[in-house]
Amino acid sequence: MPKTMQDTLGVDEIKNSILQLILESSNSMTLLSELAMLIGNWLLAETCMVFSTINFENIDTIGYWQSAKVTLPPTVKSQIVQQLSNLELNDHGSSSRLSDVTRSSGFSPLDHLLQTLLPNKISLAVTTKYQGQINGLILLLRSQSSEWTHSERELLSNISNSMAIAFSQVQLQQQAQIKARYQSLLKHLSREISQSTHPQSLFHTCLAKICTTLKVDRGMLLMLKYQNPLMAKARRPQVIKGTVKIAAYWSLKAENLTAQEELAFNLHDSDLCQQAWQNAPECLSCDSNTPFPDLITSKLPTLVESRGSALLMIPLMGKKNGEKDNAVVLGFLVCQQNSPRCWSEDELDLIDWISVQMSTAIIHHQTLNQVQSIVDERTAQLKSSLDVQAKLSAKMRQHIEQLQKLNQLKDDFMNSMSHELKTPLTSMKMAIKMLRQAEISPAMREKYLNILEQEWNREYGLIKDLLTLQEVESGKLTYSPQELDLNTAIERMAGSFRNKWQSEKGLLLNTSISQTSLKINTDPESLEHILNELLLNAGKYADPNTTIELSVISQVSFKGRDIVITITNEGAGITPEELPYIFDKFRRGQGVTDRAVPGTGLGLTLVKYLVEHLNGTIEVSSDPTFEDETVFITSFVLKLPQFQPTIS
């Protein structure tokens, strides 16, 4: 028989080694692993596991060591822990039952479990007690070829007190770490609640921190919306109807839900939600065999897992309106564990404090939203009132501007009519007076008759312009398009203007047509009126002995082809201030009346109307020349569609 370590290392010395490890180690997991290695080597075991608590599912309280010669499957550790956890939970943690698993006979529950998992291994186990309470378990495994001797069992029993002290130290360290985690969680949540301006971000941040601190597998924050809010305050044994919205979700295996994902289910489809609602304000805790959400699988969002064992549902309570009133359940904070778990009093106290703080934050945000809603409503009403006042003010300004324009139009009309009526009548009166003289010569008679005819034509033209304007504005002006030869029409019109201008002001008229035979389909009478008025206008304002240019081209447009007619003169221009109003009724340039330039202020207005009547456009520009800033080049550009359908 090989010489064992017991022969060279006394029990006192191994106890001292255990105490030395306790003094030197500050990490509970490291201490447990070192203790497992120390005892495993000392008793020549193949595997050694030490449990510093009877809560076997907490992996932080388990130390594991395995000999280099042993090749146990990697799942052995988890299987042993799982079986021990099931055994302990079935026995409700009773200390007498736990003592039974380590009795020396080969028929203890622990022996039975290990023989099932490892049929080729034999075990040796002992519990440790501290202050009369079991606080740990030591488990050793060895091949069946090496039976555990009575002396080895005694030796293991002798060090149990030292191991109990070690386990107590581990538990103290873990409690300190847990309290530090709890303190950090509370500090973090307090800061988030005080700084957060949006509940959704607060939910996600707080839920993740809570789940990681409590070391649970999943967590949810559920918000309730009732079909009948008045019945939500009555804690009667009834099925409450409403909607459960998953406001936040956290899992070790899945990403958090985004704000865009609307995940919800009916409140009456979940028995656990109904039970938790009835149980409020107390929390609903289940240690095992409680999957959640407990819904039909097809009704669940794909991202949310419907499984689990341990469950904790903490109600988030609203504000009470009175001492005897029940507070409305705003929602639930849900923590889930895949394996069985006994929720400690510290955990329940912590989660209760958190639920109160989160409920307060939710109520605070709801109150702010209500206040903000009232402020927004009042602001909207004020804005609407201001908008109405602004519209009334704008309408009033518009009416004032219209009145001013009408007054200006009246003044322009009176000025134009006064000049255009008074001057011809004065000339006609003078001509009639001269014709009444008996000794008047035939030449003078002819002269005064011509004056009478010219002034009559001038008055007739004024009346005709007024009637045409009335027809255009009332929509009664007829439109009869037909094919017209522009070359012939323009040359005929240009001839009469050349003779008149040459004799009166020494003006020249230069025409330029891009094609020898240019056709247009339009209303001839309207086109003739437009060209005649534009040429008259060019002649009025052209300086003596200058040339008036008239050019015609045909160009492609997005609607087909256009005829572009440009008439340009050199002389008195149009000021930038007057240019936007050049086509207004009775609007004439500054000083034209004083310069006795004939006109009613209707010519260009009619041109604008007739161009639009022919589906065309007209633009005007007036720019000073480089040589003399008092001399302007004024151009009217007329665009008309070359081909238009004939109206039947």
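Biologist: Which strands does helix α14 lie across, and at about what angle does α14 run to β16?

Modeller: In this predicted model, helix α14 covers residues 603-613.

Biologist: How many bridges join strand β14 to strand β15?

Modeller: Strand β14 spans residues 547-557 and strand β15 spans residues 560-571. Leu550 stands opposite Ile567 in β15. The two strands run antiparallel, and the number of bridges joining them is 9.

Biologist: At about what angle does α12 run to β12?

Modeller: Helix α12 lies across β12, β14 and β15. Those strands belong to the open sheet ordered β12-β14-β15-β17-β16. Relative to β12, helix α12 runs at about 170°.

Biologist: Are α12 and α13 roughly parallel or roughly antiparallel to each other?

Modeller: Two packed helices are described by the angle between their axes and the distance between the axes. For helix α12 (residues 486-504) and helix α13 (residues 524-541), the axes come within 11 Å and cross at roughly 30°. The crossing is right-handed. Angles under 35 degrees count as roughly parallel, so α12 and α13 are roughly parallel.

Biologist: How many nonpolar residues does the contact of α12 with α13 have?

Modeller: On the α12 side, the contact is made by Leu486, Ile490, Met493, Phe497, Lys500 and Trp501. They meet residues of α13, among them Leu527, Glu528, Leu531 and Asn532. By class, this contact has 2 polar and 2 charged residues, and the nonpolar count is 9.

Biologist: Let's turn to the sheet with β1 in it. Which strands are left without a neighbour on one side?

Modeller: Here 4 strands form an open sheet in the order β2-β1-β4-β3, with antiparallel pairing. Two of these strands each have a single partner strand, so one side of each is left without a neighbour in the sheet: β2 (62-66) and β3 (121-130).

Biologist: Which residue in β4 stands opposite Cys48?

Modeller: Strand β1 (residues 47-51) and strand β4 (residues 133-143) pair in the antiparallel sense over 5 bridges. The residue in β4 that stands opposite Cys48 is Leu140.

Biologist: Which strands does helix α2 touch as it packs on the sheet?

Modeller: Helix α2 comprises residues 28-42, and its direction makes about 40° with that of β2. Another helix, α6 (residues 150-158), lies across β3 and β4. For α2, the strands touched are β1, β2 and β4.

Biologist: Are α1 and α2 roughly parallel or roughly antiparallel to each other?

Modeller: Helix α1 (residues 11-24) packs with α2 at an angle of about 165°, and their axes are 10 Å apart. Residues of α1 including Ile14, Ile18 and Leu21 take part in the contact, and those of α2 include Leu31, Leu35 and Trp42. By class, the contact has 8 nonpolar, 1 polar and 1 charged residues. Angles over 145 degrees count as roughly antiparallel, so α1 and α2 are roughly antiparallel.

Biologist: Is Glu347 buried or exposed?

Modeller: Glu347 is found in helix α10 (residues 345-435). Leaving aside residues up to four places away in sequence, Glu347 touches Tyr182, Leu214, Arg341 and Cys342. Buried means under 20% relative accessible area. Because Glu347 has 10% relative accessibility, Glu347 counts as buried.

Biologist: How far apart in space are Ser309 and Gln337, C-alpha to C-alpha?

Modeller: Ser309 is found in the loop between β8 and β9, and Ser309 is buried, with a relative accessible area of 5%. Gln337 is among the residues that Ser309 touches, as are Cys286, Asp287 and Pro340. Ser309 and Gln337 are 28 residues apart in sequence, and their C-alpha to C-alpha separation in space is 5.8 Å.

Technical notes: Residues are numbered from 1 along each chain as its sequence is written. This is a predicted model: local features need pLDDT of at least 70, side-chain atom pairs count only at pLDDT 80 or more; totals for chains, interfaces and linings use all residues. Side-chain values use heavy atoms; hydrogens and water are left out. Axes are lines fitted to C-alpha atoms, for helices over the stretch in contact, and angles run from 0 to 180 degrees between N-to-C directions. Angles under 35 degrees count as roughly parallel, over 145 as roughly antiparallel, 65 to 115 as roughly perpendicular and the rest as oblique. A crossing is left-handed if the near helix is turned anticlockwise from the far one by less than a right angle, and right-handed if clockwise. Contact means heavy atoms within 4.5 Å. Ala, Val, Leu, Ile, Met, Phe, Trp, Tyr, Cys and Pro count as nonpolar, Asp, Glu, Lys and Arg as charged, and the others, Gly among them, as polar. Buried means under 20% relative accessible area, exposed over 50%, partly exposed in between (1.4 Å probe, protein chains only). Two strands pair if DSSP finds at least two bridges between them.
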